[in-house]
Amino acid sequence: MLTSDNAFSTALALILSMDSALIDIVMLSLKVSLMAVMIASLIALPLGAALALWRFPGRNVVIVALNALMGLPPVVAGLCVYLLLSRAGPLGEWGLLFTPTAMMIAQVILVLPIIAALTRQQVEALHGEYAEQLNSLGLTRLRMIPTLLWDARFGLLTVILAGFGRASAEVGAVMIVGGNIDGVTRVMTTSIVLETSKGNLSMALGLGIILLTLVTMINAIAHMIGETAKRRLG
Amino acid sequence: MNAHHTPPVATLELDRVDFIHRGHTLLKPTSLRLAGCQRTLIMGPNGAGKSLLMRLAHGLLTPTTGSVRWQGAQPAQAMVFQRPVLLRRSALDNLTYVLAIKKASRPELKAIPRKAQAMSALEKFGLAHLAKRPARVLSGGEQQRLALARAWLLNPQVLFLDEPTSALDPAAIKAVEDAVLEFHRSGTRIVMTTHDLHQARRLANDVLFMHNGELLEHSPANDFFTAPSSREAAAFIRGELVW
Amino acid sequence: MNKTTALITAGALGLTWSGTLLAADDYITLASTTSTENSGLFDAIIPAFTEETGIDVRVVAVGTGQAFEIGRRGDADSLLVHDTAGEEQLVADGYATERLNVMYNDFVIVGPSDDPAGISDSENVIDAMQRIAESESPFASRGDDSGTNRAELRLWEDAGVTPQGEWYRELGSGMGPTLNTAAGMDAYTFTDRATWVAFDNPQDLTLLFEGDKALFNQYGSLLLSAERHPHLKHDLAAQWHEWLVSEQGQKAIADFEVDGQQLFFPNAE
């Protein structure tokens, strides 16, 4: 029978065993999700800032679309990437299906709207405060982007963490485009699904505890860095 | 005064400028000529349109109708706000930032590196010991002095100041007023709003008096304080409530 | 700026990293079923194959319906599935060139230990399924177009039952999740023996009916068409396809046991 007791002891035993397969899975999870968040940030931060600064026809449509895409079901994102990367699909030549790269692409698609939409909000608020001073200095809107992003950095850290949370927690997309191949594309979340389907619930929950612990640790580190910097810089 | 030795300041002309926002006329049609290296104080009660007029002159706002023109080349300008907007970085970095952005320097500092230019500005405004401190944790007076140091580095021909002392204690007010005079001595035209009559008496040699979105007077400071031409200005000077 | 440089370097490293994974070419991708994967069969037989040939086999475990779709789209090099009719259709449609019998196991019916429909003493599987339908005892169906699901639906048809109503619950899930759900709602369900034996969360479920010839579950290996999908690793896939039916392959399958019980029975001709 499953009790939370033996899930915790399973988790603890897993961690203590330093099982190399488990370490590979954890490392792959982190690599895929961190890389996806990094790539998404490189695109979404300037995109969100630009959306905050420029007024153009259809801007509201773009904002609503981004906000809606924050709720894009991972399975749908996964399916789209699957059809794109499948041999019969437009990018089939690249042979990326069932690779970590495919998983990363799917997660970029999931994370990008979150970071872009929330960056837009943060930068718009900050721009409200800075606009007159920056205009007085004669900055172009393009030149304002790095200034505003840098000054919004503490808020944006939280935004990026939200993106990381989505990436590391989702399973629907990576399952479809990665295929949960042992040793190649198996990550924490797909392992949890697999163990659940085997009825090995304490193992599944144990893996869940490890995933949660890792995500908590990353958030705690980021939070500490942010708080320290905020206290110093006001 | 050094002012005579620096090149003449370009003249600003406002030609029937008005400003209408959502159907409300915030500034009635105004024509105005600001010539020479003066210390012009814009006075009037709250809501008179002082800040609005200044923003139109500085180019932060575009008039609904009418035109704002500089005779000759547009001069270097800077503005200091009631609540200084400082970036989330050290005092020193706030200054090197504008030097990098504007690629401008004061002529006497041109030869030295940006960081040294910024340090000299901090020294000038008594902030050298705070160079490494984050700008946003400085006191109100220190922040306003940093904003002035930032403007100083831009070597403006025209400096706009919007109620720069309204939130400061007397010592800090004194520092800001000294800085304004120092700017002027070095050849910078001053355009400043205030609702503090005593401050205006200390600083102005030229006064604009506004009331209810309308420019009622533009006269030399002596004339304005001794013989104001409008009923509202006279009441304002007597310290009565005007609205 | 330093930050920018760091980001670009990190990005470049990332691409290199994903590139190295693509570079290793001595593997094939095998689309197979959750039942084979969950039982642990592949962990037992693939190392033997890899040792012999130097070829790694990457298993994508999905339902048989999805495996066929993967085969049609050319997203896997080889298929190992259990729906003979569907497999022959894939050959007939020209997506696969050859289909070989590899092994079989059997389906069983599991259900709550008090057996409300009384199927444990049924004469045959048709009788058992009729008893479940007549007593309207809860029955959890995969409902996912998998090989197991297709076999179950054929048996309902043979039993002359149209499975519908409150008692018949289509889950749209894999075998494992279906067993979890059946255990949770005390329902009967139709499962392959391998998944059942390896399943760790039976709760009150117990094996109630087995042994009818109609429950025979044949697994076949499909070699996909080089003409239709020239990019696939046909040479490597052919080695796997042939190894499965070779003496070594068949022995590896026969040797795989869970709890001392043989789960798959090699039957290559």
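Chain C holds eleven helices and twelve strands. Helices (H or I, at least four residues) and strands (E, at least two) are DSSP runs, numbered from the N terminus. The model is predicted; local features need pLDDT of at least 70, side-chain atom pairs count only at pLDDT 80 or more, and totals for chains, interfaces and linings use all residues. Residues are numbered from 1 along each chain as its sequence is written, while chains are lettered from A and ligands numbered from 1 in the order in which they are written.

The model has an ipTM of 0.90 and a pTM of 0.85. For chain C, the mean pLDDT (the predictor's confidence in each residue, from 0 to 100) is 89. In this chain, 91% of residues reach 70 or more. Residues 15-24 of chain C stay under 50. For this stretch the model has six contacts beyond four places in sequence. Where pLDDT is low, the predicted coordinates should not be read in detail.

Along the principal axes, the C-alpha atoms of chain C fill a box of roughly 70 × 55 × 40 Å. Of its 269 residues, 46% are buried, meaning that 20 or more other C-beta atoms, placed from the backbone, lie within 10 Å of the residue's own. Among contacts (C-beta atoms, placed from the backbone, within 7 Å) between residues of chain C at least 6 apart in sequence, 77% join residues at least 24 apart.

Chain A gives 23 residues to its contact with chain C, and chain C gives 27. On the chain A side, α2 (20-53), α5 (100-136) and α9 (188-197) each supply two or more residues. The largest share, three residues, comes from α2(A).

Technical notes
Contact = placed C-beta atoms within 7 Å. Buried ≥ 20, exposed ≤ 12 C-beta atoms within 10 Å, placed from the backbone.
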